[in-house]
Amino acid sequence: MPAMRKYLFALGCVAAMGGGLSLLSCTLVSQSQRMAGDAGAPDALLEVNLRRHVAYLSQDCAPRDGSHPANLSKAAMYLAQGFRASGGRVDMQSYRANGHTYSNVRCVFQGREEARLIVGASYDAFGSSPGADDNASGAAGLVELARLLKGIRPQYTVELVAYANGQEPWFKTAGMGSAHHSRMMKESGTTVHGMICLRSIGFFSDLEKSQTYPNRLLSWQYPDKGDFIAVLGNLSSMPLSKRVQDALLSRIPVARLNLPDMTGVFDHADQYSYWRYNMPAVLVTDTLIYRNANNRQSTDTAGTLDYRRMSRVVQGVATAVRKLSR
């Protein structure tokens, strides 16, 4: 793949077959001209704020795993304070798990309809890792997204949620914050038009072979440089994936992939909780361990992230939210 060319790879549909992946359709769209024309001016304040949020969460609240509920509470209070500056309605959705109280932090921009567009990110970390990219970056992006949405008057209610307990050993258990929230949406009969999960959105690399994949087929079809953001979804979330992809493309290179739920390739994030109830949901990510060797390590620190490109991701998600909530 030529080093100077950037592509958007939109893998329309794949299916599990014989333990591998069988390609059904694939479309390549040149992206270089679109990026040059539409990227827009960088937002210096956004970069500064993202850096500040990530530093606080990964340093002042460490360790912030489920076995340190006091540190998680400290992080939750910080996120709530950031949300309040946006003018949205802020509350704590508390629940009990393994003898402790944990809280999801919600920021709601009321729409003309109760139907929801949800953007969520977990704010805990794995074990003793500082968790700057995974997932202080997503939580920081959520706070800044609230700021960018200040004054929005949406058709559908926009709900931003910072989740507790997104990491193992909580994953796919009732103690997961997103499991609690998605169940609340289901039980209340609230229509969810879409959910966007922000998980690890701050690590990028321009080096050749800096991007890896869980499957050889994907490595043949997608870039080998980690200079893009990925939009990942199941097959039923393909329309949502495409719209989020289009919004991000004005800011940063994007790779989109939609797979059947059964593959298990990228179900280890909070969007999975919504798939369980057949709600459309996508993951926006730098692909975690497939790019960032610091993932879940002591080296996942604030100084390793690219805040300029991270700010472009947040701006692109803000564009998606405005369009999807109309």
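Predicted model: local features only at pLDDT ≥ 70, side-chain atom pairs only at ≥ 80, totals over all residues.

Trainee: At roughly what angle do the axes of helix 2 and helix 9 cross?

Mentor: Angles from 65 to 115 degrees count as roughly perpendicular, and helix 2 and helix 9 are therefore placed in that class. The angle at which their axes cross is roughly 105°.

Trainee: Which residues of helix 9 does helix 2 meet, and how many charged residues does the contact of helix 2 with helix 9 have?

Mentor: On the side of helix 2, the residues are L46, E47, L50, R51 and V54, and they meet Y307, R308, M310, S311, V314 and Q315 in helix 9. Sorted by class, this contact of helix 2 with helix 9 has 6 nonpolar and 2 polar residues, and the number of charged residues is 3.

Trainee: How far apart are the axes of helix 4 and helix 9?

Mentor: Helix 4 (residues 132-148) and helix 9 (residues 307-324) pack at an angle of about 50°, and helix 4 and helix 9 are therefore oblique to each other. The crossing in which helix 4 passes helix 9 is right-handed. The distance between their axes is 9 Å.

Trainee: Which residues of helix 4 and helix 9 make that contact, and how many of the residues are nonpolar?

Mentor: Helix 4 contributes S137, A140, G141, E144, L145 and L148, while helix 9 contributes M310, V314, Q315, V317, A318, V321 and R322. In the contact of helix 4 with helix 9, 3 residues are polar and 2 are charged, and the nonpolar ones number 8.

Trainee: Is helix 7 oblique or perpendicular to helix 9?

Mentor: Helix 7 (residues 238-249) and helix 9 have axes 8 Å apart and pack at an angle of about 130°. Because of that angle, helix 7 is, relative to helix 9, oblique.

Trainee: Is V313 buried or exposed?

Mentor: V313 lies in helix 9 and, leaving out residues up to four places away in sequence, touches I201, F204, I229, L248, I252 and V284. V313 and R251 are 62 residues apart in sequence, yet their C-alpha atoms are 6.9 Å apart in space. With a relative accessibility of 0%, V313 counts as buried.

Trainee: Which backbone oxygen does the side chain of N71 reach?

Mentor: N71 is found in helix 3 (residues 69-84) and is buried, with a relative accessible area of 18%. Not counting residues up to four places away in sequence, N71 touches C61, A62, P63 and R64. At 3.3 Å, the side chain of N71 reaches the backbone oxygen of A62.

Trainee: And which backbone oxygen does the side chain of S182 reach?

Mentor: S182 lies in helix 5 (residues 177-188) and counts as buried, at 0% relative accessibility. Not counting residues up to four places away in sequence, S182 touches S273, Y274, Y277 and M279. The side chain of S182 reaches, at 3.2 Å, the backbone oxygen of A179.

Trainee: To finish with the whole protein, what percentage of the residues is buried?

Mentor: The protein has 9 helices and 10 strands. Among contacts between residues at least 6 apart in sequence, 75% join residues at least 24 apart. Of the 326 residues in the protein, the buried ones make up 59%.

Note on methods:
Residues numbered from 1 in each chain as written. Heavy atoms only, no water. Axes fitted to C-alpha atoms, helices over the stretch in contact; angles between N-to-C directions. Helix = DSSP H or I, 4+ residues; strand = E, 2+ residues; numbered from the N terminus. Parallel < 35°, antiparallel > 145°, perpendicular 65-115°, else oblique. Left-handed = near helix turned anticlockwise from the far one by under 90°. Contact = heavy atoms within 4.5 Å. Nonpolar A, V, L, I, M, F, W, Y, C, P; charged D, E, K, R; others polar. Buried < 20%, exposed > 50% of the residue type's maximum accessible area, 1.4 Å probe, protein only. Polar contact = N/O pair within 3.5 Å; in protein donor to acceptor, adjacent residues only side chain to side chain.
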